[in-house]
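This report describes two ligand sites and the chain segments around them. Please read it alongside the sequence and the coordinates shown here.

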Amino acid sequence: MSTLTISGLHVAYGRTEAVRGIDLTVAEGQVVTLIGANGAGKTTILRTLSGLIRPRAGQILFDGRDVAGMAPHLIAGLGIVQVPEGRQVFADLTVGENLALGAWLVRDARATQQRHETILARFPRLRERLGQPAGALSGGEQQMLAMGRALMAAPRLLLLDEPSMGLAPLVVEEIFALIAELKAAGTTILLVEQNASAALEVADVAYVLEVGRITLSGPAAQVARNPAVVAAYLGG
Ligand SMILES: Nc1ncnc2c1ncn2[C@@H]1O[C@H](COP(=O)(O)OP(=O)(O)OP(=O)(O)O)[C@@H](O)[C@H]1O
Ligand SMILES: [Mg+2]
């Protein structure tokens, strides 16, 4: 079953057409990656899915309901949760407060408490730093916190915008190991990445975005072997 079906999506900033008619599908339990160069429109697509930008045209079906143009808090309430580019943790709030904010829409206090425990078990370094300001964490720890905060909302579709950006190679490995773990647990993920080789390895399906258009899509393993992809994104 498809969780997300985007069709004919156009997004513009004034006269800048950032997204020029894309179709993209994410099935339940899949990891789908969207790869593309700087300025291709990746973040614009994720922000549109979260309701932060209103599309100019197109349909965004989530569980059969068109969410295009819906308010961000309503979209979040349906279970589409974004981990933004550059982490965007609240630097002055503690790690614990950042995590708690992830569950602001969740009414079930018991479930929230359980999720909090599960997340701390998965991220021992966050547990050690629960009372410290998030701004004091390393980049990798902030990324873990941003992902933990999103998981507090029990997402039905997790949107990850360049989770490995700016991190040291060992930390990048940890981030991708976490994505693989979430996938194994059945989380549905749309992953935007510039680290194409790692993204293609963890993903089931891949889309290549160039200047607002999808130029190639298919099973990730197949996309990873495409000569044009190898030349442009895999350093071949
Ligand atoms: N707020 C904005 N106002 C005007 N133009 C914007 C705005 N945000 C993005 N753009 C433009 O829209 C296009 C797509 O940008 P977007 O941030 O979606 O790309 P991206 O694929 O996420 O790039 P990156 O890999 O650098 O994060 C670019 O041409 C960019 O300059
Ligand atoms: Mg971006």
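A polar contact is taken here as a pair of N or O atoms within 3.5 Å. The model is a predicted one, and in it an oxygen atom of ligand 1 lies 2.5 Å from an N or O atom in the side chain of Thr44. On its own, ligand 1 has 630 Å² of accessible area, of which the protein covers 61%.

The shell around ligand 1 is made up of 13 residues, the closest being Asn38, Gly39, Lys42, Thr43 and Thr44. Sorted by class, this shell holds 6 polar, 4 nonpolar and 3 charged residues. The element that gives the most to the shell is helix α1, spanning residues 42–49, with 3 residues.

## Helix α1 and Thr44

Helix α1 is mostly covered, with 6 of its 8 residues buried, and those buried residues are Lys42, Thr44, Ile45, Leu46, Thr48 and Leu49. After the helix comes Gly51, whose phi is positive, near 90°.

Is Thr44 buried or exposed? Thr44, which lies in helix α1, counts as buried because its relative accessibility is 7%, a value under the 20% limit for that class. Besides the contact with ligand 1 at 2.5 Å, the side chain of Thr44 is joined to the side chain of Tyr13 by a polar contact of 2.8 Å.

## The magnesium site

Which residues coordinate the magnesium ion? The ion, ligand 2, is coordinated by Thr43 through OG1 and by Glu85 through OE, at 2.0 to 2.2 Å. This pair links distant parts of the chain, since Thr43 belongs to helix α1 whereas Glu85 sits in the loop between β6 (80–83) and α3 (95–102), 42 residues apart.

Thr43 is partly exposed, because its relative accessible area is 24%, and Glu85 also counts as partly exposed, at 31% relative accessibility.

Strand β8, covering residues 189–193, is mostly covered, with 5 of its 5 residues buried. In a regular strand, side chains alternate between the two faces of the sheet. In β8, Ile189, Leu191 and Glu193 point one way while Leu190 and Val192 point the other way, and all of them are buried.

Strand β3 (residues 31–35) runs parallel to β8 and is joined to it by 5 bridges, with Glu193 of β8 as the bridge partner of Ile35. Strand β7 is also parallel to β8 and is joined to it by 4 bridges; here the bridge partner of Asp161 is Val192.

## Ala154 in a loop

Where in the chain is the place of Ala154? Ala154 is found in the loop between α6 (139–151) and β7 (157–161), and this residue counts as partly exposed because its relative accessibility is 35%. Although Ala154 and Gly79 are 75 residues apart in sequence, their C-alpha atoms are 7.2 Å apart in space.

Note on methods: Residues numbered from 1 in each chain as written. Chains lettered and ligands numbered in written order. Predicted model: local features only at pLDDT ≥ 70, side-chain atom pairs only at ≥ 80, totals over all residues. Heavy atoms only, no water. Near = heavy atom within 4 Å. Polar contact = N/O pair within 3.5 Å; in protein donor to acceptor, adjacent residues only side chain to side chain. Areas by Shrake-Rupley, 256 points an atom, 1.4 Å probe, with all protein chains shown as cover. Helix = DSSP H or I, 4+ residues; strand = E, 2+ residues; numbered from the N terminus. Nonpolar A, V, L, I, M, F, W, Y, C, P; charged D, E, K, R; others polar. Buried < 20%, exposed > 50% of the residue type's maximum accessible area, 1.4 Å probe, protein only. Donors = N, O, S within 2.8 Å, 3.2 Å for Na, K, Ca; no water. Pairing = 2+ DSSP bridges.
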